[in-house]
Amino acid sequence: MRRAHLDLFLRLCGNALTAPPDDDGRSEWITVHLGYGEVHEARSLLSFADNVQVVEPPEIRAELACCGAAITAVYGPPTGTP
């Protein structure tokens, strides 16, 4: 999580925290530990775009990548002529 968005992140996703954020007070990135009952619940992280990066588990990374691909298919540049 990028430091600049931490306050908003905590307000929106704080209920999923499993431990206090790891914050050294200097880095641009802060490590947060989250827990979700179901993989699809992590989709809420997409609202933070590239200001959040899921390191693990791979199932959540895959879920977010799949959602990102679907979004790109809808909003990306046209692939052919009509």
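Glu63 is buried, with a relative accessible area of 17%. Buried here means under 20% relative accessible area, exposed means over 50%, and partly exposed is in between (1.4 Å probe, protein chains only). Before I go on, this is a predicted model, in which local features need pLDDT of at least 70, side-chain atom pairs count only at pLDDT 80 or more, and totals for chains, interfaces and linings use all residues. Residues are numbered from 1 along each chain as its sequence is written, and side-chain values use heavy atoms, with hydrogens and water left out.

Back to Glu63. This residue sits in helix H2. Helices are DSSP runs of H or I with at least four residues, strands are runs of E with at least two, and both are numbered from the N terminus. Which residues does Glu63 touch, not counting those up to four places away in sequence? They are Val39, His40 and Arg43, where contact means heavy atoms within 4.5 Å.

Arg43 and Glu63 form a salt bridge, and their closest N and O atoms are 2.6 Å apart. A salt bridge is a side-chain nitrogen of Lys or Arg within 4 Å of a carboxyl oxygen of Asp or Glu. Arg43 has a relative accessible area of 43%, so it is partly exposed.

Next, the other salt bridges. How many does a search of the whole structure find? The search finds five. I will show Arg2, Glu28 and Asp50, which are linked in a network of salt bridges. The side chains of Arg2 and Glu28 meet at 2.8 Å, N to O. Arg2 is in the segment before H1 and Glu28 in the loop between H1 and H2, 26 residues apart, so this pair links distant parts of the chain. Arg2 also forms a salt bridge with Asp50, and there the closest N and O atoms are 4.0 Å apart. Asp50 lies in the loop between H1 and H2, so its pairing with Arg2 ties together parts that are 48 residues apart in sequence.

Asp50 counts as exposed, at 53% relative accessibility.

Asn51 is in the loop between helix H1 (6–13) and helix H2 (58–75). Is Asn51 buried or exposed? With 14% relative accessibility, Asn51 counts as buried. Its side chain makes a polar contact with the side chain of His5, at 3.4 Å. Residues up to four places away in sequence aside, Asn51 touches Met1, Arg2, His5 and Trp29.

Now the aromatic rings. The whole structure holds one aromatic pair, according to the search. The rings of Phe9 and Phe48 have centres 5.2 Å apart and planes at 65°, so the pair is edge-to-face. For the cut-offs, rings of Phe, Tyr and Trp (its six-membered ring) pair if their centres lie within 6.5 Å; planes under 30 degrees apart count as stacked, over 60 as edge-to-face and the rest as tilted. This pair links distant parts of the chain, since Phe9 is in helix H1 and Phe48 in the loop between H1 and H2, 39 residues apart. Phe9 is buried, at 0% relative accessible area, and Phe48 counts as buried at 4%.

Phe48 comes up again with Cys13. Leaving aside neighbours within four places in sequence, Cys13 is in contact with Leu34, Ser44, Leu45 and Phe48. Cys13 is found in helix H1 and counts as buried, at 4% relative accessibility. Cys13 and Ser44 are 31 residues apart in sequence, and 8.0 Å apart in space from C-alpha to C-alpha.

Last, the surface. Ile71, in helix H2, counts as partly exposed at 43% relative accessibility. That is my final residue.

Methods. A polar contact is a pair of N or O atoms within 3.5 Å; within protein, one must be able to donate a hydrogen and the other to accept it, and residues adjacent in sequence count only if both atoms are side-chain atoms.
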